Amino acid sequence: MSVQSLVSRKKKSFIGLPAPLGYVPGLGRGATGFTTRSDIGPARDIDDISDDRHAPPVKKSKNDEEEEEDLNEANFDEFAGYGGSLCSKDPYDKDDEEADAIYEAVDKRMDEKRRERREIKLKEELEKYRQERPKIQQQFSDLKRDLADVTVDDWLNLPEVGDARTKKQRNPRAEKFTPVPDSMLARAAASTGTSNSLSDRDQKYGGHSSTFGAITPLGGTTTSDIDMKKIGQARNTLMDIKLTQVSDSVSGQTVMDPKGYLTDLQSMLPSHGGDINDVKKARLLLKSVRETNPKHPPAWIASARLEEVTGKVQAARNLIMKGCEECPKSEDAWLEAARLMPGDQGKAIVAQAVRHLPSSVRLWIKASDLENELKPKKRVFRKALEHIPNSVKLWKMAVELEDEVDARIMLSRAVECCPTSVELWLALARLETYENARKVLNKARENIPTDRQIWITAAKLEEANGNIQMVEKIIDRALNSLRANMVEVNREQWIKDGEDCEKSGSIITCQAIIRSIISVGIEEEDRKHTWMEDAESCAVNGAYECARAIYAFALTEFPSKKSIWLRAAYFEKSHGTRESLESLLQRAVAHCPKAEVLWLMGAKSKWLAGDVPAARSILALAFQANPNSEEIWLAAVKLESENNEFERARRLLQKARASAPTARVMMKSVKLEWCLGEIKNANTLLDEAVKHYPDFPKLWMMKGQIAEQQGKSSEAREAYSLGLKKCPKAIPLWLLTSRLEEKSGQLIKARSILEKARLKNPQQSHLWLEAVRVENRGSLKNIAQTLMARAIQDCPNAGILWAESIFMEPRPQRKTKSVDALKRCEHDPHVLLAAAKFIFWAERKVNKAREWFNRTVRIDPDLGDAWAYYYKFELQHGNEESQNNVLTRCVNADPRHGEKWCHVSKDIKNWRLRTEQILPLVADLAALPT
């Protein structure tokens, strides 16, 4: 055999021939091709930005049948007409083509208008999107570059991918299914079928009803096979009979009663939602318990309740009655039987029960509850009290049913039968006359010497009848008697009793209790601290007389303590009258003549009441006690200036500068001259003041502001610069300097001043805030955003910066920013105010906005801006009552701070305006949130 013949034998016949149709190389050995993500690009979400602005139009094939026009009324709109085209079947002529060309030219022209700006914006969005979500091929670009370093040997050494499937997986066989005869299915259903509900018939007879009406035992199986064909025929026959019953054979109209039908359906519903197997198990267990121990009442009660839950009420009644026969001395069993039985039968059951248990209070009360009329109820209680005369509960319920005369008679008998019941003694004392009530309470104290309520009631009785001097004695005797009877005197309980006495109108008793108990159980060194806490606690609970009594007692023990006098004065200012405050302050200045604030409070109270001479006399006495006091000098000046006595105010300031020269006195002198329009005198005083007090920044600020008012910017700039050299830590001075440069158009210089201020005063939120606002006013939003980010990083807990950042955010992002701000500064008034304005007011959530405004002014009542925005909000959304309420609360709070508030209140034109006049001006200045 030649070599050529061997070669030709080994050569395959298909080599060199084209591949057959549908041939996939490697499919037979499992080496199928695969596609990677880099071949088809990254996955996209539905809302991803497409690479192409316009998707290619879908071309319709010419062979598609034209859709018919939908001229239904549902497809018609009054404005747009029909949803489809009315002319779709008309021929397309030259006029149509010309019109389409014109419309296309218009669309093209409109598209070219802002194409460049739109394309730039789209490009920026795409770039931003690609940065946030790059393609997978971009993520692996660095790895692809590393493939250039792979050698040829490494490529050749890559392992081949084989077919890891087993023979069975490569050659799967189709599953075979064989039909099962109906007899086998029927037998399986009969042997393993379960039911999770019982019908009325099943519950009555205890088994499943078969198709033919026989009763099959629970859990039983049929012995013979079921003929499915006969069951189908029987079902059709039954359905035909039912349809015949409920239909009229003549007209075909239904004659079924719908209400009765629904009632039948409702009765068919199971009342118990649990598994029937669980009910069987519970019934079996309870039966076992009853048989094992028939004298155990809970077993009978549980069995009756189980039957009641499953809907077998009669079975439950039978069981509980049997239980009552087995356990005639069980109170619970009789009560359960009375509950399950209907009206008259229940009465009979209770009558039988009280014959077995005549001393059961609960059974007598149940018997009374079953009676519907008042007279039988009284008869039941009187019968009960014959058997149980020492039951306080029965006496109380019986007395409640009687009128006043009969109740007094019954209570007289009740306290004889129950002499240790405090409630019965006190009830009898309330119904008796004054003399008899005293006798009753004396007897009560003899029988119950360890109860404090009897003593307190006696004291209240004496106060109510005008015997005031006995109240203190009774309370003292009470404490001595209780101690003698080894009763612990609980201080907190007695103070609580004092608060209760105040709420009931017994003020003298309340004060006597406080005076007697306040020192009990307190160490000598803890008295002042403990008493102040007690007074604050009473004030919080609304017991103002108790708090007043505590302050009065503390002042008798510590008459020279200025802090106690101040607390008492502030308490009277908040909760007392003007007369009580003034009398307290008179005693206070007598004991503490060096306490300037007490003198000033007294003078202010007289001045607010319109008694200016009395205020002057108080200040004159204060001068005698404190001859060189700056506060008293300035208070006297304010009193005279507010009452238009400007010359007297000038003379007082002149004397103050001579006898007690201070920086504040100089400042007030300059301000008075400035307010009166005497600019020359003001400048003279300023020149003198800055020589003596160069480190007082307000003098330099006033010097610059006066120069600005006169239009002398260079002099103002010079004054500010000199002031900054002397007072580099004065933040308002830096702000005034920056604003002066900004007004002059020197934005760069204003920016540099603020940067210099931040270098000298790091972590100052007001400087950062002004820098951000300078950029915003210069329309440099991007720089402002960058500065705000740096500011929050430098001062993360500055609420004023977070509030401004909420304002700078676009409206959809404000809520998210406010959440971040509240996490950082939960109780900052500026953040709360910003949330109220921009999150709730701007979104017209009126109630929520009002709630947040209230939170803001409660946290910081001194913030005038919050009151102004709150007042403006009520002007827009509230009524006259709510507006007056805000105005009154603002006047009482007397705010002094706030950017917009200070801008108005410290304006030299408004120097004589009061809070109620300043608030509307600031509200007008406040902008509506958008």
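## Helices H21 and H22

The axes discussed here are lines fitted to C-alpha atoms, for helices over the stretch in contact, and the angles run from 0 to 180 degrees between N-to-C directions. In this predicted model, helix H21 (residues 404-417) and helix H22 (residues 422-431) have axes that come within 9 Å and cross at roughly 140 degrees, and H21 passes H22 in a left-handed crossing.

On the H21 side, the contact is made by Glu404, Ala407, Arg408, Leu411, Ser412, Ala414 and Val415, which meet Leu424, Trp425, Ala427, Leu428 and Leu431 of H22.

## Helices H24 and H27

Helix H24 (residues 452-464) packs with helix H27 (residues 507-517) at an angle of about 135 degrees, and their axes are 8 Å apart. That angle makes H24 oblique to H27, and H24 passes H27 in a right-handed crossing.

Here Ile456, Ala459, Lys460 and Glu463 in H24 meet Ile507, Ile508, Thr509 and Ile513 in H27, a set of residues that divides into five nonpolar, one polar and two charged.

## Helices H45 and H46

For helix H45 (residues 814-824) and helix H46 (residues 829-841), the axes come within 10 Å and cross at roughly 165 degrees. Because angles over 145 degrees count as roughly antiparallel, H45 and H46 are roughly antiparallel to each other, and H45 passes H46 in a left-handed crossing.

Arg814, Lys815, Ser818, Ala821 and Leu822 in H45 meet Val831, Leu832, Phe838 and Ile839 in H46, and the residues of this contact divide into six nonpolar, one polar and two charged.

Note on methods:
Residues numbered from 1 in each chain as written. Predicted model: local features only at pLDDT ≥ 70, side-chain atom pairs only at ≥ 80, totals over all residues. Heavy atoms only, no water. Helix = DSSP H or I, 4+ residues; strand = E, 2+ residues; numbered from the N terminus. Parallel < 35°, antiparallel > 145°, perpendicular 65-115°, else oblique. Left-handed = near helix turned anticlockwise from the far one by under 90°. Contact = heavy atoms within 4.5 Å. Nonpolar A, V, L, I, M, F, W, Y, C, P; charged D, E, K, R; others polar.
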